[in-house]
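Subject: Structure for you to look at

Hello,

Here is the structure I promised to pass on. Please open it first, then read my notes below.

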Amino acid sequence: IERCNKLGLKIICCASSLREVRKIMKFNPYAIDFEDPKLISSGKSITFYNAKTIKKFVKILSNTKIKIICGAGISSKKDIEEAYKLGCDGVLISSAIIRDGRFEILK
């Protein structure tokens with residue numbers, strides 16, 4: 001992360017726990033994505049099944065310039081809207097698009 005920052009590259013690091021978030025934030029990446037591994041590719045959105053942890057994640061990064069992203073199970077426009085309501089700057093979407101081709105969730 002430090003080397004990429006020196007080169008002007010923007011890094012998005014993924015974390016699976018708040019403990020990892022705290023460790024990663026010390027390196028000042030462009031963004032940190034929080035994902036619950038149990039929800040990845042499940043269709044069960046982290047924004048509904050783990051909202052309390054997302055709120056804690058947002059609080060941890062709230063006084064930094066690090067972009068706050070969440071992912072895992074994001075598969076609908078409603079999931080994206082909920083992420084913004086919880087304080088995230090964006091979402092990480094993969095399986096909903098790759099596996100199912102659901103580009104309409106972005107509309």
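In α4, the buried residues are Thr-53, Ile-54, Phe-57, Val-58, Ile-60 and Leu-61. Around the helix axis they span an arc of only 160 degrees, so they sit on the same side of α4. Please keep in mind that this is a predicted model.

What does the face of α4 turned away from its buried side carry? That face has the exposed residues Lys-52, Lys-55, Lys-56 and Lys-59. An α-helix has 3.6 residues a turn, so residues three or four places apart point the same way.

Now look at α5, which runs over residues 77-85. Its buried residues are Asp-79, Ile-80, Glu-82 and Ala-83. These cover an arc of only 160 degrees around the axis, which places them on the same side of α5. Lys-78 and Lys-85 are exposed on the other side of α5.

**A positive patch**

Go back to α4 for the next point. Which residues form a positive surface patch? They are Arg-22, Lys-52, Lys-55 and Lys-56. Helix α4, residues 51-61, gives the patch its largest share, three residues.

Take Lys-52 as one example. This lysine lies in helix α4. Is Lys-52 buried or exposed? Its relative accessibility is 70%, and exposed means over 50%, so Lys-52 counts as exposed.

**Two loop residues with positive phi**

Two backbone angles also deserve a look. Start with Asn-28. Its phi is near 55 degrees, a positive value in a residue other than glycine. Where is Asn-28? It lies in the loop between α2 (18-25) and β2 (31-35). Relative accessibility is 46% for Asn-28, so this residue counts as partly exposed.

Then go to Ser-41. Here phi is near 65 degrees, again a positive value in a residue other than glycine. Ser-41 is placed in the loop between β2 and α3 (46-49). With 36% relative accessibility, Ser-41 counts as partly exposed.

**Where to start**

For a quick tour, begin with the buried side of α4, including Phe-57 and Leu-61. Then find Arg-22, one of the residues in the positive patch. Finish at Asn-28, in the loop between α2 and β2.

Best wishes

Definitions and conventions:
Residues are numbered from 1 along each chain as its sequence is written. This is a predicted model: local features need pLDDT of at least 70, side-chain atom pairs count only at pLDDT 80 or more; totals for chains, interfaces and linings use all residues. Side-chain values use heavy atoms; hydrogens and water are left out. Helices (H or I, at least four residues) and strands (E, at least two) are DSSP runs, numbered from the N terminus. Buried means under 20% relative accessible area, exposed over 50%, partly exposed in between (1.4 Å probe, protein chains only). Patches are made of residues with over 30% relative accessible area and no salt bridge: like charges are joined within 9 Å, nonpolar side chains (Val, Leu, Ile, Met, Phe, Trp, Tyr) within 5 Å. Accessible areas come from the Shrake-Rupley method with a 1.4 Å probe; for residues, only the protein chains shown count as cover. A salt bridge is a side-chain nitrogen of Lys or Arg within 4 Å of a carboxyl oxygen of Asp or Glu. Lys and Arg count as positive and Asp and Glu as negative; His and the chain ends are not counted. The place of a charge is taken as NZ of Lys, CZ of Arg, CG of Asp or CD of Glu. The arc is that of the directions from the helix axis to the C-beta atoms.
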